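Hi,

Here is the structure I promised to pass on.

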Amino acid sequence: KRAPAFDQMLGNLHVEKKRRVEKGPRRTRNHEPLVEAREVKVDELHANAMTETSQNVMTVGKRLREICDNSPGNRIAMHHFVTNPTSFSETVENLFYLSFLVKDHKAYLWMDSEGTTW
C-alpha cells in the first residue's frame with residue numbers, strides 16, 4: 001500500500017530567514033583556590049599500609065587455610081572456593097584476592113589429570 005500524495009499545502013509559502021541572535025561574552029566560572037600537596041612522612045606510609053585490599057587478602061587466606069585444614073588431602077577445588085553462584089562481581093573479587101595469595105606463595109594452584117584446578 002502506498003502513502004497518499006499531497007494535493008495541496010496549507011499555510012504560508014513565504015519563508016523569512018531567521019536572524020541570528022548575538023550572544024554576549026562567555027562567563028567564566030569562579031574556580032576554588034588550588035590545594036597544595038603536602039609532604040608524606042614515612043611513618044604515615046607504614047600506618048596506612050594495611051589497606052582494605054590487604055585486609056581482604058588476609059581474610060581470604062585465613063578462610064582458605066580453615067577449609068583446607070578440614071578437607072581430605074588439605075586441598076579444595078578452586079572453583080568451589082572462589083565461585084559465588086549469586087554474584088559475579090564477588091566471584092571476580094575472590095579470584096583477585098586469591099591471585100595475591102598465589103603471588104605471595106601462600107596458596108598454590110595445580111591441575112589434576114581430570115582438569116580440575118586445585
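**What I found**

Ser87 sits in the loop between helix H3 (78–82) and H4. With a relative accessible area of 14%, Ser87 is buried (buried is under 20% relative accessible area, exposed over 50%, partly exposed in between, with a 1.4 Å probe and protein chains only).

Before you go further, note that this is a predicted model: local features need pLDDT of at least 70, side-chain atom pairs count only at pLDDT 80 or more, and totals for chains, interfaces and linings use all residues. Residues are numbered from 1 along each chain as its sequence is written, and side-chain values use heavy atoms, with hydrogens and water left out.

Now the overall picture. The protein chain has 4 helices and 0 strands, running α-α-α-α from the N terminus on. Helices (H or I, at least four residues) and strands (E, at least two) are DSSP runs, numbered from the N terminus. Of the 118 residues in the protein chain, 14% are buried. Among contacts with a separation of 6 or more, 43% come from residues 24 or more positions apart; contact here means heavy atoms within 4.5 Å.

Next, the helix packing. H2 (residues 52–69) and H4 (residues 88–103) pack at about 80 degrees, their axes 9 Å apart. Axes are lines fitted to C-alpha atoms, for helices over the stretch in contact, and angles run from 0 to 180 degrees between N-to-C directions. The two helices, H2 and H4, are therefore roughly perpendicular to each other (65 to 115 degrees, with under 35 roughly parallel, over 145 roughly antiparallel and the rest oblique).

On the H2 side, Thr53, Asn56, Val57, Val60, Gly61 and Leu64 meet Phe96, Tyr97, Leu98, Phe100 and Leu101 of H4. By class, that contact of H2 with H4 has 8 nonpolar, 3 polar and no charged residues. Ala, Val, Leu, Ile, Met, Phe, Trp, Tyr, Cys and Pro count as nonpolar, Asp, Glu, Lys and Arg as charged, and the others, Gly among them, as polar. Gly61 is partly exposed at 22% relative accessibility. Gly61 and Leu98 are 37 residues apart in sequence, yet 7.7 Å apart in space, C-alpha to C-alpha.

How many salt bridges does a search of the whole structure find? The search gives 2, taking a salt bridge as a side-chain nitrogen of Lys or Arg within 4 Å of a carboxyl oxygen of Asp or Glu.

- Glu66 pairs with Arg63, the closest N and O atoms being 3.2 Å apart. They are 3 residues apart in helix H2, so about one helical turn separates Glu66 and Arg63.
- Asp69 and Arg65 form a salt bridge through their side chains, at 3.2 Å from N to O. Being 4 residues apart in helix H2, Asp69 and Arg65 are also separated by about one helical turn.

Most residues other than glycine have a negative phi. Asn74, in the loop between H2 and H3, has a positive phi near 50 degrees. His105, in the segment after H4, has a positive phi near 60 degrees and is exposed, at 57% relative accessible area.

Cheers
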